[in-house]
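The stops below follow charged side chains.

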Amino acid sequence: MDVTGKTALVTGAGTGIGQGVAIELARRGAKVAVHYNSSREGAENTRRQIEALGGEAHIVQGNIANQEEVQRFVSETADALGGLDILVNNAALQLNLSLLQHDETSFDKIMHTNLKGYWLCMQAALPHLKKRSAGRVINISSVHAKRPTDFDPVYSMSKGGIRMLTREAAIELGQHGITVNAIEPGAVDVGKQQVRPELPPAGGEPMERSDFRMHFPLGRAGKPQDVGHLVCFIASDASAFLSGAAIRLDGASMLL
Amino acid sequence: MNLLNQTVFITDADHPSGRALIARFAREGVPLALNSPSGGNAIREELAALTEAKVKLLQLDLRSRAAIVDALEAVEEELGPVGLLIHNQHRYEVTNLEHCSESLFVDVMDTNAKSAFLCTQIIGGRMAERGFGSILYVTSIHAEKPAAASFIYSASQGAIQMLAAEAALELGRRGVRVNTVEIAPVSGEEDHLTSPLSTLYDNYARKAPLQTVKARDLAELALFLSGDEAGALHGATIRLDGGFLLHYMDHKMKKST
(Lines give C-alpha, C1' and ligand atoms only; values in the text may rest on other atoms or scores of the structure.)
Protein backbone atom coordinates (compact mmCIF):
# COMPACT_ATOMS: atom_id res chain seq x y z
CA MET A 1 0.00 0.00 0.00
CA ASP A 2 2.80 2.36 -0.89
CA VAL A 3 1.72 5.82 -2.00
CA THR A 4 5.11 7.43 -1.71
CA GLY A 5 5.44 10.54 -3.83
CA LYS A 6 1.74 10.74 -4.66
CA THR A 7 -0.30 13.83 -3.88
CA ALA A 8 -3.75 13.68 -2.34
CA LEU A 9 -6.61 16.00 -1.49
CA VAL A 10 -8.88 14.82 1.32
CA THR A 11 -12.05 16.86 1.84
CA GLY A 12 -13.36 17.22 5.37
CA ALA A 13 -10.02 16.16 6.80
CA GLY A 14 -10.22 18.15 10.00
CA THR A 15 -12.26 15.55 11.84
CA GLY A 16 -13.36 11.94 11.94
CA ILE A 17 -12.95 9.69 8.92
CA GLY A 18 -11.31 12.39 6.81
CA GLN A 19 -8.68 13.00 9.43
CA GLY A 20 -7.95 9.29 9.69
CA VAL A 21 -7.67 9.01 5.91
CA ALA A 22 -5.35 12.02 5.59
CA ILE A 23 -3.04 10.70 8.31
CA GLU A 24 -2.89 7.18 6.83
CA LEU A 25 -2.08 8.56 3.37
CA ALA A 26 0.69 10.69 4.84
CA ARG A 27 2.00 7.79 6.93
CA ARG A 28 2.49 5.86 3.69
CA GLY A 29 4.33 8.65 1.96
CA ALA A 30 1.74 10.83 0.23
CA LYS A 31 1.76 14.59 0.36
CA VAL A 32 -1.68 15.58 1.57
CA ALA A 33 -3.92 18.62 1.22
CA VAL A 34 -6.06 18.78 4.35
CA HIS A 35 -9.36 20.39 3.41
CA TYR A 36 -11.80 21.91 5.85
CA ASN A 37 -14.78 24.23 5.64
CA SER A 38 -15.36 25.44 9.18
CA SER A 39 -13.06 23.34 11.38
CA ARG A 40 -9.77 25.23 11.06
CA GLU A 41 -8.65 23.94 14.44
CA GLY A 42 -9.33 20.37 13.33
CA ALA A 43 -7.35 20.87 10.12
CA GLU A 44 -4.43 22.25 12.11
CA ASN A 45 -4.64 19.21 14.36
CA THR A 46 -4.50 16.90 11.34
CA ARG A 47 -1.51 18.79 9.94
CA ARG A 48 0.33 18.56 13.26
CA GLN A 49 -0.24 14.80 13.38
CA ILE A 50 1.01 14.41 9.80
CA GLU A 51 4.08 16.52 10.45
CA ALA A 52 4.79 14.55 13.60
CA LEU A 53 5.00 11.50 11.34
CA GLY A 54 7.51 13.32 9.16
CA GLY A 55 4.90 13.89 6.45
CA GLU A 56 3.93 16.92 4.41
CA ALA A 57 0.53 18.58 4.73
CA HIS A 58 -1.01 21.69 3.25
CA ILE A 59 -4.28 23.13 4.53
CA VAL A 60 -6.99 24.35 2.13
CA GLN A 61 -10.39 25.78 2.95
CA GLY A 62 -13.70 26.07 1.11
CA ASN A 63 -17.34 25.11 0.90
CA ILE A 64 -17.62 22.07 -1.37
CA ALA A 65 -21.17 23.06 -2.34
CA ASN A 66 -19.84 26.26 -3.93
CA GLN A 67 -18.31 25.78 -7.38
CA GLU A 68 -16.03 28.82 -7.24
CA GLU A 69 -14.65 27.85 -3.87
CA VAL A 70 -14.07 24.28 -5.02
CA GLN A 71 -12.19 25.45 -8.11
CA ARG A 72 -10.05 27.69 -5.93
CA PHE A 73 -9.05 25.18 -3.28
CA VAL A 74 -8.41 22.40 -5.80
CA SER A 75 -6.10 24.75 -7.73
CA GLU A 76 -4.39 25.73 -4.49
CA THR A 77 -3.89 22.05 -3.75
CA ALA A 78 -2.29 21.31 -7.12
CA ASP A 79 -0.07 24.37 -6.86
CA ALA A 80 1.04 23.56 -3.32
CA LEU A 81 1.65 19.85 -3.82
CA GLY A 82 2.88 19.91 -7.42
CA GLY A 83 -0.17 18.27 -9.01
CA LEU A 84 -2.86 15.91 -7.88
CA ASP A 85 -2.98 12.11 -8.03
CA ILE A 86 -5.70 11.25 -5.54
CA LEU A 87 -9.00 12.91 -4.68
CA VAL A 88 -10.74 11.60 -1.58
CA ASN A 89 -14.29 12.97 -1.41
CA ASN A 90 -15.22 12.72 2.23
CA ALA A 91 -16.82 15.93 3.52
CA ALA A 92 -20.50 15.32 4.15
CA LEU A 93 -23.41 16.44 6.28
CA GLN A 94 -25.98 14.51 8.28
CA LEU A 95 -28.78 16.35 10.07
CA ASN A 96 -30.76 13.52 11.67
CA LEU A 97 -34.17 14.85 10.67
CA SER A 98 -37.03 12.53 9.74
CA LEU A 99 -38.81 12.57 6.40
CA LEU A 100 -41.53 14.80 7.79
CA GLN A 101 -39.13 17.02 9.75
CA HIS A 102 -36.91 18.00 6.84
CA ASP A 103 -37.65 21.20 4.95
CA GLU A 104 -36.42 22.53 1.62
CA THR A 105 -33.47 24.27 3.23
CA SER A 106 -32.22 21.16 5.02
CA PHE A 107 -32.85 19.07 1.90
CA ASP A 108 -30.80 21.43 -0.27
CA LYS A 109 -28.05 21.72 2.32
CA ILE A 110 -27.45 17.97 2.44
CA MET A 111 -27.91 17.26 -1.27
CA HIS A 112 -25.76 20.19 -2.37
CA THR A 113 -22.96 19.24 -0.01
CA ASN A 114 -23.00 15.46 -0.11
CA LEU A 115 -23.88 14.86 -3.74
CA LYS A 116 -23.33 18.00 -5.77
CA GLY A 117 -20.21 18.72 -3.74
CA TYR A 118 -18.67 15.35 -4.60
CA TRP A 119 -19.30 15.99 -8.30
CA LEU A 120 -17.94 19.54 -8.12
CA CYS A 121 -14.73 18.29 -6.52
CA MET A 122 -14.36 15.59 -9.20
CA GLN A 123 -14.94 18.09 -11.98
CA ALA A 124 -12.42 20.55 -10.52
CA ALA A 125 -9.84 17.82 -9.90
CA LEU A 126 -10.19 16.24 -13.33
CA PRO A 127 -7.79 18.50 -15.27
CA HIS A 128 -5.11 17.73 -12.69
CA LEU A 129 -5.84 14.00 -12.46
CA LYS A 130 -5.69 13.69 -16.25
CA LYS A 131 -2.09 14.84 -16.19
CA ARG A 132 -1.11 11.87 -14.02
CA SER A 133 -0.63 8.31 -15.15
CA ALA A 134 -2.86 6.72 -12.53
CA GLY A 135 -5.36 9.16 -11.09
CA ARG A 136 -7.66 8.04 -8.31
CA VAL A 137 -11.04 9.25 -7.13
CA ILE A 138 -12.24 7.67 -3.90
CA ASN A 139 -15.71 8.60 -2.70
CA ILE A 140 -16.39 7.98 0.97
CA SER A 141 -20.04 7.00 1.00
CA SER A 142 -21.92 4.89 3.56
CA VAL A 143 -23.76 1.64 4.05
CA HIS A 144 -26.77 3.92 3.77
CA ALA A 145 -26.24 4.01 0.03
CA LYS A 146 -28.10 0.69 0.13
CA ARG A 147 -29.67 0.47 3.58
CA PRO A 148 -32.07 3.13 4.89
CA THR A 149 -31.01 5.03 8.00
CA ASP A 150 -34.41 5.47 9.64
CA PHE A 151 -33.06 8.76 10.97
CA ASP A 152 -32.16 10.92 7.95
CA PRO A 153 -33.75 10.08 4.60
CA VAL A 154 -32.03 12.91 2.75
CA TYR A 155 -28.64 11.67 3.89
CA SER A 156 -29.54 8.28 2.39
CA MET A 157 -30.70 9.93 -0.81
CA SER A 158 -27.37 11.68 -1.15
CA LYS A 159 -25.51 8.41 -0.62
CA GLY A 160 -27.73 6.58 -3.11
CA GLY A 161 -26.83 9.32 -5.56
CA ILE A 162 -23.13 8.92 -4.84
CA ARG A 163 -23.39 5.22 -5.61
CA MET A 164 -24.54 5.99 -9.14
CA LEU A 165 -22.26 9.01 -9.50
CA THR A 166 -19.33 6.68 -8.77
CA ARG A 167 -20.43 4.15 -11.36
CA GLU A 168 -20.97 6.78 -14.03
CA ALA A 169 -17.65 8.45 -13.25
CA ALA A 170 -15.82 5.13 -13.45
CA ILE A 171 -16.89 4.82 -17.08
CA GLU A 172 -16.26 8.44 -18.06
CA LEU A 173 -12.96 8.92 -16.24
CA GLY A 174 -11.71 5.46 -17.13
CA GLN A 175 -10.82 6.76 -20.59
CA HIS A 176 -8.20 8.93 -18.87
CA GLY A 177 -6.78 6.07 -16.82
CA ILE A 178 -8.47 7.33 -13.67
CA THR A 179 -10.16 4.83 -11.40
CA VAL A 180 -13.25 5.79 -9.40
CA ASN A 181 -14.44 3.80 -6.41
CA ALA A 182 -16.62 4.21 -3.35
CA ILE A 183 -16.10 3.03 0.20
CA GLU A 184 -19.28 2.42 2.18
CA PRO A 185 -18.40 2.47 5.87
CA GLY A 186 -20.80 1.29 8.53
CA ALA A 187 -20.73 2.77 12.02
CA VAL A 188 -17.38 4.45 12.57
CA ASP A 189 -16.49 5.69 16.02
CA VAL A 190 -15.45 9.29 15.50
CA GLY A 191 -16.46 10.46 18.96
CA LYS A 192 -19.81 11.87 17.96
CA GLN A 193 -23.02 10.58 19.46
CA GLN A 194 -24.76 9.81 16.20
CA VAL A 195 -22.14 7.42 14.95
CA ARG A 196 -20.97 5.82 18.17
CA PRO A 197 -22.65 2.43 18.25
CA GLU A 198 -23.23 2.50 21.99
CA LEU A 199 -25.20 5.73 21.54
CA PRO A 200 -27.38 5.32 18.44
CA PRO A 201 -29.35 8.21 16.95
CA ALA A 202 -32.56 9.53 18.39
CA GLY A 203 -35.26 6.91 18.42
CA GLY A 204 -32.87 4.00 18.67
CA GLU A 205 -32.30 1.88 21.74
CA PRO A 206 -29.10 2.42 23.76
CA MET A 207 -26.72 -0.45 23.31
CA GLU A 208 -24.62 -2.00 26.03
CA ARG A 209 -21.01 -2.80 25.28
CA SER A 210 -21.88 -6.45 25.94
CA ASP A 211 -24.34 -6.31 23.01
CA PHE A 212 -21.66 -5.25 20.56
CA ARG A 213 -21.09 -8.67 19.15
CA MET A 214 -24.80 -9.00 18.40
CA HIS A 215 -24.49 -5.99 16.09
CA PHE A 216 -20.81 -6.03 15.17
CA PRO A 217 -19.42 -9.51 14.48
CA LEU A 218 -15.89 -8.25 15.10
CA GLY A 219 -16.88 -6.88 18.48
CA ARG A 220 -16.28 -3.26 17.61
CA ALA A 221 -17.36 -0.43 15.36
CA GLY A 222 -15.08 0.86 12.64
CA LYS A 223 -12.26 3.32 13.18
CA PRO A 224 -11.20 6.16 10.89
CA GLN A 225 -7.93 4.28 10.38
CA ASP A 226 -9.86 1.30 8.95
CA VAL A 227 -11.16 3.59 6.24
CA GLY A 228 -7.69 5.08 5.83
CA HIS A 229 -6.16 1.66 5.23
CA LEU A 230 -8.66 0.87 2.48
CA VAL A 231 -8.17 4.30 0.90
CA CYS A 232 -4.42 3.67 0.80
CA PHE A 233 -4.93 0.34 -0.91
CA ILE A 234 -7.21 1.86 -3.53
CA ALA A 235 -4.79 4.76 -3.99
CA SER A 236 -1.82 2.43 -4.45
CA ASP A 237 -0.61 0.89 -7.68
CA ALA A 238 -1.78 -2.50 -6.38
CA SER A 239 -5.40 -1.62 -7.17
CA ALA A 240 -4.92 -0.39 -10.73
CA PHE A 241 -7.80 -2.53 -12.10
CA LEU A 242 -10.28 -1.75 -9.34
CA SER A 243 -12.84 0.76 -10.61
CA GLY A 244 -16.56 1.35 -10.34
CA ALA A 245 -16.68 -0.63 -7.11
CA ALA A 246 -18.50 0.16 -3.90
CA ILE A 247 -16.75 -1.60 -1.05
CA ARG A 248 -18.78 -2.06 2.11
CA LEU A 249 -16.53 -1.56 5.14
CA ASP A 250 -18.62 -2.45 8.14
CA GLY A 251 -17.07 -5.46 9.84
CA ALA A 252 -19.97 -7.52 8.47
CA SER A 253 -22.49 -5.63 10.60
CA MET A 254 -24.93 -5.26 7.72
CA LEU A 255 -25.07 -9.03 7.38
CA LEU A 256 -26.75 -9.35 10.78
CA MET B 1 -57.72 -3.39 -7.00
CA ASN B 2 -59.10 -1.64 -3.95
CA LEU B 3 -58.32 2.03 -3.81
CA LEU B 4 -61.78 2.59 -2.30
CA ASN B 5 -62.37 5.11 -5.04
CA GLN B 6 -59.59 7.34 -3.76
CA THR B 7 -57.75 9.70 -6.06
CA VAL B 8 -54.69 8.65 -8.03
CA PHE B 9 -52.09 11.42 -8.33
CA ILE B 10 -49.73 11.07 -11.32
CA THR B 11 -46.80 13.49 -11.27
CA ASP B 12 -45.96 13.42 -15.00
CA ALA B 13 -49.03 12.62 -17.04
CA ASP B 14 -47.24 13.64 -20.26
CA HIS B 15 -44.54 10.97 -20.00
CA PRO B 16 -45.27 7.76 -21.93
CA SER B 17 -45.63 5.99 -18.60
CA GLY B 18 -48.05 8.65 -17.43
CA ARG B 19 -50.24 8.33 -20.50
CA ALA B 20 -50.49 4.58 -20.06
CA LEU B 21 -51.28 5.02 -16.37
CA ILE B 22 -54.10 7.43 -17.19
CA ALA B 23 -55.75 4.95 -19.52
CA ARG B 24 -55.43 2.03 -17.12
CA PHE B 25 -56.59 3.73 -13.96
CA ALA B 26 -59.42 5.47 -15.77
CA ARG B 27 -60.82 2.04 -16.56
CA GLU B 28 -61.00 1.42 -12.82
CA GLY B 29 -63.18 4.49 -12.44
CA VAL B 30 -60.98 6.22 -9.88
CA PRO B 31 -60.57 10.00 -9.81
CA LEU B 32 -57.37 11.20 -11.43
CA ALA B 33 -55.16 14.16 -10.52
CA LEU B 34 -52.89 14.62 -13.51
CA ASN B 35 -49.88 16.87 -13.48
CA SER B 36 -49.18 17.77 -17.09
CA PRO B 37 -46.12 19.94 -17.80
CA SER B 38 -47.69 20.73 -21.20
CA GLY B 39 -50.91 21.87 -19.60
CA GLY B 40 -52.76 18.97 -21.16
CA ASN B 41 -51.56 19.46 -24.73
CA ALA B 42 -49.50 16.27 -24.70
CA ILE B 43 -52.37 14.14 -23.43
CA ARG B 44 -55.33 15.44 -25.44
CA GLU B 45 -56.15 11.96 -26.72
CA GLU B 46 -56.12 10.44 -23.27
CA LEU B 47 -58.17 13.26 -21.80
CA ALA B 48 -60.75 13.01 -24.58
CA ALA B 49 -61.27 9.36 -23.68
CA LEU B 50 -61.99 10.20 -20.06
CA THR B 51 -65.65 10.87 -20.57
CA GLU B 52 -66.82 9.49 -17.25
CA ALA B 53 -63.81 9.84 -14.97
CA LYS B 54 -63.38 12.64 -12.48
CA VAL B 55 -60.21 14.41 -13.53
CA LYS B 56 -58.30 17.41 -12.30
CA LEU B 57 -55.62 18.71 -14.61
CA LEU B 58 -52.63 20.38 -12.96
CA GLN B 59 -49.55 22.16 -14.27
CA LEU B 60 -47.25 22.25 -11.28
CA ASP B 61 -43.61 22.96 -10.63
CA LEU B 62 -42.99 19.96 -8.38
CA ARG B 63 -39.74 21.50 -7.15
CA SER B 64 -41.86 23.93 -5.16
CA ARG B 65 -43.23 22.85 -1.81
CA ALA B 66 -45.87 25.57 -1.83
CA ALA B 67 -47.14 24.53 -5.26
CA ILE B 68 -47.65 20.93 -4.13
CA VAL B 69 -49.31 21.93 -0.87
CA ASP B 70 -51.78 24.18 -2.67
CA ALA B 71 -52.47 21.60 -5.38
CA LEU B 72 -53.12 18.84 -2.85
CA GLU B 73 -55.70 20.99 -1.09
CA ALA B 74 -57.46 21.72 -4.37
CA VAL B 75 -57.34 18.11 -5.54
CA GLU B 76 -58.72 16.67 -2.33
CA GLU B 77 -61.46 19.26 -2.16
CA GLU B 78 -62.57 18.50 -5.70
CA LEU B 79 -61.84 14.77 -6.07
CA GLY B 80 -61.51 13.43 -2.54
CA PRO B 81 -58.50 11.98 -0.69
CA VAL B 82 -55.42 10.94 -2.62
CA GLY B 83 -54.91 7.22 -2.05
CA LEU B 84 -52.15 6.56 -4.56
CA LEU B 85 -49.22 8.76 -5.50
CA ILE B 86 -47.29 7.74 -8.61
CA HIS B 87 -44.05 9.67 -8.96
CA ASN B 88 -42.72 9.27 -12.50
CA GLN B 89 -40.51 12.28 -13.18
CA HIS B 90 -37.80 11.46 -15.72
CA ARG B 91 -35.76 14.46 -16.80
CA TYR B 92 -32.51 13.51 -18.46
CA GLU B 93 -30.02 15.61 -20.33
CA VAL B 94 -27.12 14.07 -22.17
CA THR B 95 -24.01 15.47 -20.53
CA ASN B 96 -20.88 14.33 -18.78
CA LEU B 97 -19.42 15.17 -15.44
CA GLU B 98 -16.46 16.97 -16.98
CA HIS B 99 -18.49 19.59 -18.82
CA CYS B 100 -21.85 19.70 -17.07
CA SER B 101 -22.87 23.08 -15.65
CA GLU B 102 -23.85 23.50 -12.03
CA SER B 103 -27.26 24.88 -12.99
CA LEU B 104 -28.05 21.82 -15.11
CA PHE B 105 -26.97 19.50 -12.31
CA VAL B 106 -29.27 21.21 -9.83
CA ASP B 107 -32.16 21.42 -12.28
CA VAL B 108 -32.14 17.72 -13.20
CA MET B 109 -31.60 16.65 -9.60
CA ASP B 110 -34.43 18.85 -8.36
CA THR B 111 -36.83 17.87 -11.15
CA ASN B 112 -36.35 14.18 -10.43
CA ALA B 113 -35.21 13.69 -6.83
CA LYS B 114 -36.31 16.80 -4.97
CA SER B 115 -39.78 16.52 -6.48
CA ALA B 116 -39.92 12.93 -5.25
CA PHE B 117 -38.94 14.04 -1.78
CA LEU B 118 -41.45 16.90 -1.66
CA CYS B 119 -44.31 14.80 -3.04
CA THR B 120 -43.53 12.08 -0.51
CA GLN B 121 -43.37 14.52 2.34
CA ILE B 122 -46.55 16.39 1.45
CA ILE B 123 -48.82 13.83 -0.22
CA GLY B 124 -47.34 10.84 1.63
CA GLY B 125 -47.52 12.81 4.85
CA ARG B 126 -51.22 13.38 4.29
CA MET B 127 -51.69 9.65 3.70
CA ALA B 128 -49.84 8.94 6.94
CA GLU B 129 -52.21 11.21 8.84
CA ARG B 130 -55.07 9.10 7.53
CA GLY B 131 -53.23 5.83 8.07
CA PHE B 132 -53.93 4.71 4.53
CA GLY B 133 -52.39 5.07 1.11
CA SER B 134 -49.78 3.90 -1.30
CA ILE B 135 -46.78 5.43 -3.07
CA LEU B 136 -45.20 4.08 -6.21
CA TYR B 137 -41.94 5.49 -7.51
CA VAL B 138 -41.38 4.81 -11.19
CA THR B 139 -37.61 5.05 -11.37
CA SER B 140 -35.23 3.66 -13.94
CA ILE B 141 -32.84 0.79 -14.49
CA HIS B 142 -30.27 3.59 -14.26
CA ALA B 143 -30.71 3.55 -10.51
CA GLU B 144 -28.41 0.51 -10.83
CA LYS B 145 -26.88 0.51 -14.28
CA PRO B 146 -24.87 3.47 -15.54
CA ALA B 147 -25.99 4.93 -18.84
CA ALA B 148 -22.69 6.73 -19.57
CA ALA B 149 -24.89 9.43 -21.06
CA SER B 150 -26.47 11.36 -18.21
CA PHE B 151 -24.70 10.95 -14.90
CA ILE B 152 -27.04 13.35 -13.13
CA TYR B 153 -30.05 11.33 -14.18
CA SER B 154 -28.50 8.15 -12.81
CA ALA B 155 -27.53 9.88 -9.56
CA SER B 156 -31.07 11.19 -9.20
CA GLN B 157 -32.48 7.69 -9.68
CA GLY B 158 -30.09 6.32 -7.05
CA ALA B 159 -31.28 9.02 -4.68
CA ILE B 160 -34.94 8.16 -5.26
CA GLN B 161 -34.19 4.51 -4.66
CA MET B 162 -32.99 5.39 -1.15
CA LEU B 163 -35.89 7.78 -0.59
CA ALA B 164 -38.22 4.88 -1.29
CA ALA B 165 -36.44 2.71 1.28
CA GLU B 166 -36.62 5.43 3.91
CA ALA B 167 -40.27 6.19 3.14
CA ALA B 168 -41.10 2.50 3.40
CA LEU B 169 -39.79 2.57 6.97
CA GLU B 170 -41.13 5.90 8.17
CA LEU B 171 -44.47 5.99 6.40
CA GLY B 172 -44.94 2.23 6.48
CA ARG B 173 -45.34 2.36 10.23
CA ARG B 174 -48.25 4.72 9.62
CA GLY B 175 -50.10 2.57 7.12
CA VAL B 176 -48.65 3.78 3.84
CA ARG B 177 -47.31 1.18 1.43
CA VAL B 178 -44.28 2.18 -0.64
CA ASN B 179 -42.81 0.40 -3.65
CA THR B 180 -40.56 1.10 -6.60
CA VAL B 181 -40.54 0.01 -10.21
CA GLU B 182 -37.24 0.37 -12.06
CA ILE B 183 -38.30 0.58 -15.66
CA ALA B 184 -36.21 0.24 -18.81
CA PRO B 185 -36.86 2.72 -21.59
CA VAL B 186 -40.11 2.08 -23.38
CA SER B 187 -39.76 1.63 -27.12
CA GLY B 188 -38.23 4.67 -28.77
CA GLU B 189 -36.99 6.22 -25.54
CA GLU B 190 -33.71 4.32 -25.60
CA ASP B 191 -32.43 6.74 -28.22
CA HIS B 192 -32.32 9.45 -25.58
CA LEU B 193 -29.50 7.81 -23.66
CA THR B 194 -27.10 6.56 -26.29
CA SER B 195 -23.47 7.16 -25.44
CA PRO B 196 -20.12 7.15 -27.21
CA LEU B 197 -18.73 5.39 -24.14
CA SER B 198 -21.21 2.54 -23.95
CA THR B 199 -22.93 0.07 -26.27
CA LEU B 200 -25.73 -0.45 -23.76
CA TYR B 201 -28.48 0.71 -26.07
CA ASP B 202 -27.05 -0.61 -29.32
CA ASN B 203 -29.55 -3.15 -30.67
CA TYR B 204 -31.75 -2.50 -27.66
CA ALA B 205 -34.71 -4.50 -28.91
CA ARG B 206 -32.59 -7.59 -29.50
CA LYS B 207 -30.96 -7.50 -26.08
CA ALA B 208 -34.13 -8.12 -24.13
CA PRO B 209 -34.57 -11.90 -24.21
CA LEU B 210 -38.32 -11.64 -23.75
CA GLN B 211 -39.45 -8.28 -25.08
CA THR B 212 -38.80 -4.61 -24.55
CA VAL B 213 -40.98 -2.87 -22.07
CA LYS B 214 -44.14 -1.12 -23.04
CA ALA B 215 -45.75 1.61 -21.03
CA ARG B 216 -48.86 -0.50 -20.58
CA ASP B 217 -46.75 -3.14 -18.79
CA LEU B 218 -45.96 -0.53 -16.20
CA ALA B 219 -49.60 0.49 -15.94
CA GLU B 220 -50.68 -3.09 -15.24
CA LEU B 221 -47.96 -3.50 -12.61
CA ALA B 222 -48.86 -0.20 -10.99
CA LEU B 223 -52.46 -1.26 -10.77
CA PHE B 224 -51.51 -4.56 -9.18
CA LEU B 225 -49.20 -2.86 -6.67
CA SER B 226 -51.98 -0.49 -5.63
CA GLY B 227 -54.37 -3.29 -4.80
CA ASP B 228 -55.06 -5.52 -1.85
CA GLU B 229 -53.50 -8.51 -3.59
CA ALA B 230 -50.14 -6.76 -3.22
CA GLY B 231 -50.76 -5.90 0.43
CA ALA B 232 -47.55 -7.54 1.62
CA LEU B 233 -45.41 -5.92 -1.04
CA HIS B 234 -43.76 -3.06 0.76
CA GLY B 235 -40.31 -1.55 0.34
CA ALA B 236 -39.93 -3.66 -2.79
CA THR B 237 -38.06 -2.75 -5.94
CA ILE B 238 -39.27 -4.46 -9.08
CA ARG B 239 -37.16 -4.25 -12.22
CA LEU B 240 -39.36 -4.05 -15.29
CA ASP B 241 -37.03 -4.47 -18.25
CA GLY B 242 -37.98 -7.66 -20.07
CA GLY B 243 -34.67 -9.15 -18.98
CA PHE B 244 -32.67 -6.41 -20.71
CA LEU B 245 -30.07 -6.02 -17.96
CA LEU B 246 -29.26 -9.73 -18.06
CA HIS B 247 -27.40 -8.92 -21.25
CA TYR B 248 -23.85 -7.84 -20.58
CA MET B 249 -21.12 -8.23 -23.20
CA ASP B 250 -22.24 -8.51 -26.80
CA HIS B 251 -19.53 -10.99 -27.75
CA LYS B 252 -20.52 -13.36 -24.94
CA MET B 253 -24.23 -13.39 -25.61
CA LYS B 254 -26.16 -15.64 -27.95
CA LYS B 255 -28.13 -13.98 -30.71
CA SER B 256 -31.89 -13.82 -30.41
CA THR B 257 -33.71 -16.17 -32.74
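**Salt bridge tour**

Start by selecting Arg19(B), which is partly exposed at a relative accessible area of 30% (buried means under 20%, exposed over 50%, partly exposed in between, with a 1.4 Å probe and protein chains only). This is a predicted model, in which local features need pLDDT of at least 70, side-chain atom pairs count only at pLDDT 80 or more, and totals for chains, interfaces and linings use all residues. Residues are numbered from 1 along each chain as its sequence is written, chains are lettered from A and ligands numbered from 1 in the order in which they are written, and side-chain values use heavy atoms, with hydrogens and water left out.

Arg19(B) is in helix α1 (residues 16-27) and Glu46(B) in helix α2 (residues 44-49) of chain B, so the pair ties together parts 27 residues apart in sequence. Helices (H or I, at least four residues) and strands (E, at least two) are DSSP runs, numbered from the N terminus. Glu46(B) is buried, at 17%.

Next, select Lys56(B) and Glu78(B), a salt bridge with its closest N and O atoms 3.0 Å apart. Strand β3 (residues 55-58) of chain B holds Lys56(B), and helix α3 (residues 65-79) of chain B holds Glu78(B). Lys56(B) is buried at 17%, while Glu78(B) is partly exposed at 45%.

Now show both chains and pick Glu98(B) and Lys130(A), whose salt bridge spans 2.7 Å, N to O.

Terms used. Salt bridge = Lys/Arg side-chain N within 4 Å of Asp/Glu carboxyl O.
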